[in-house]
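Subject: A structure to look through

Hello,

I am passing on a structure for you to read alongside my notes. Please keep it open while you go through them.

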Amino acid sequence: MPATIVLGAQWGDEGKGRVTDYFSESADYVVRFQGGNNAGHTIVIGDEHFALSLIPSGVMNPSAIPVIANGVLIDPKALLAELEMLELRGVNTSQLQISSNAHLIMPYHRKIDAMIERYLGGNQIGTTKRGIGPAATDKYSRNGIRVQDLFDPKIFQDKLDTALEEKNRLLTRVYNQLPMSAEEIAEEYLGYAEQLLPFVTDTSLLVWQALRDEKFVLFEGAQGTLLDIDHGTYPFVTSSNPTAGGVLTGTGIGPKAIDRVIGVSKAYITRVGTGPFPTELHDAIGDKFIDLGREYGVVTGRRRRAGWLDLVALRYAVRLNSLTDIFLTKLDILSAFEEIKVCIGYTSLGETYEEFPRQQRVLYNCQPIYETLPGWNVDITGVRDFEDLPKEAQQYIEYVEERVYTPVRWVSVGPERQQLLDRS
Ligand code: IMP
């Protein structure tokens with residue numbers, strides 16, 4: 001598997017951390033290509049839980065080189081804190097490679113993120129308040145500050161002064177806040193430069209060389225397809241492309257480099273933050289997904305919203321990403337149900353839909369059309385082979401495959417590294 005993408009096929013939180021951790025056992029490079037420290041990836045190793053936000057999950061494998069490519073928004077304070085946490089827990093981070101072209105999240109981005117959300121009131125997006133939207137805005141309006149600027153204090157100061165003049169006007173006149181100090185920000189950020197310098201490089205070239213040498217390069221997505229800024233449930237999305245296209249621009253490689261695209265989907269579905277969610281449950285079944293699946297955000301601790309698996313949305317993810325395989329996570333959670341529903345279409349405003357609707361108004365009014373499948377009601381957390389699963393669980397997996405025209409190649413039945421069925 002030379003160049004393999006692992007990405008979220010739902011609204012994030014599909015279990016990508018454990019999936020990347022699994023593949024990174026044999027990976028030479030693990031590359032993050034979008035998002036920032038809004039992501040939360042949990043990896044369970046024995047009794048230990050590691051929560052990663054910015055550093056690729058491949059850092060847990062000593063022989064894989066973790067790469068933060070140009071498409072990632074980097075909050076240097078958060079990055080250094082994560083590096084320190086990992087080192088303190090005995091994880092070697094010295095191989096990390098960071099793109100000099102990646103944009104920085106500045107203190108005013110975090111502040112403006114919080115202000116925008118506050119002023120949106122009932123229309124809030126429910127962001128992680130990590131400054132992602134405002135940092136992406138500055139990137140595209142060409143007001144951003146990049147990692148490489150940290151190593152040229154004059155350029156850094158000039159860019160900061162220009163940006164802060166505008167931000168302080170916004171903060172004081174629109175949001176009624178105190179202005180921020182350029183001196184304090186410069187002192188803090190230029191102080192990070194020395195610590196970050198050993199990690200910084202041309203990651204596009206690095207990845208290209210790795211691919212040329214037929215190394216196994218794993219691209220680790222954050223968030224998920226339905227949070228994509230172009231193709232997700234806009235405006236209730238994140239400010240990046242978690243879809244496969246984001247790998248190309250976010251790393252600096254071309255489409256022919258990619259061999260495999262693995263979509264990670266839970267056996268049910270969750271979302272954090274606001275926005276449309278056709279299969280959302282507001283009943284005891286929804287509560288059961290939250291309790292059994294421990295569905296609380298890694299970054300913000302927020303309770304997630306939950307519902308039955310949505311095959312319309314999954315088919316949309318297959319299409320947008322050219323998925324070659326599906327990695328189905330948390331199948332064990334479905335063992336608690338007598339019968340299992342899957343959404344195979346929607347009705348909305350008098351019409352029936354089999355494909356993901358493009359109109360926001362249609363999506364908001366979607367009511368799921370369900371197919372009900374028999375449950376299995378036995379513990380499957382110890383199963384390691386597909387043939388040893390109860391026949392109803394096998395049927396469930398085969399039903400999903402048929403409906404989305406894509407093989408479910410891996411299935412997880414518990415959080416531990418070995419609680420997994422590999423059908424490849
Ligand atoms: P932002 O990325 O912080 O701007 O948040 C925008 C939306 O994306 C909000 O609904 C967040 O809850 C959601 N979001 C951002 N990162 C993640 C993630 O890693 N998992 C799930 N949802 C996320």
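Around the ligand there are 17 residues, and those that come nearest are Asp13, Asn38, Thr128, Thr238 and Arg302, where a residue counts as near if one of its heavy atoms lies within 4 Å of the molecule. This is a predicted model, in which local features need pLDDT of at least 70 and side-chain atom pairs count only at pLDDT 80 or more, while totals for chains, interfaces and linings use all residues. Residues are numbered from 1 along each chain as its sequence is written, and side-chain values use heavy atoms, with hydrogens and water left out.

A side-chain N or O atom of aspartate 13 is 3.1 Å from a nitrogen atom of the ligand, whereas threonine 238 has a side-chain N or O atom 2.6 Å from a ligand oxygen atom, and arginine 302 places a polar side-chain atom 3.0 Å from an oxygen atom of the ligand. The ligand taken alone exposes 470 Å², of which the protein buries 97%, with areas from the Shrake-Rupley method and a 1.4 Å probe.

The ligand sits in the largest pocket, meaning that more than half of its atoms lie within 2 Å of the pocket's grid points. A pocket here is an open set of points on a 1 Å grid over the protein atoms alone, with protein on both sides within 12 Å along at least five of seven lines, and lining residues have an atom within 4 Å of a point. The largest pocket has a volume of about 850 Å³, and among its 48 lining residues Ile125, Thr127, Thr128, Val237 and Thr238 are the closest to its centre.

Best wishes

How values were computed:
A polar contact is a pair of N or O atoms within 3.5 Å; within protein, one must be able to donate a hydrogen and the other to accept it, and residues adjacent in sequence count only if both atoms are side-chain atoms. On a 1 Å grid over the protein atoms alone, a cavity is a set of points where a 1.4 Å probe fits but cannot get out, and a pocket is an open set with protein on both sides within 12 Å along at least five of seven lines; lining residues have an atom within 4 Å of a point. Grid points are joined across faces, edges and corners, and a volume is the space filled by probe spheres set on the points.
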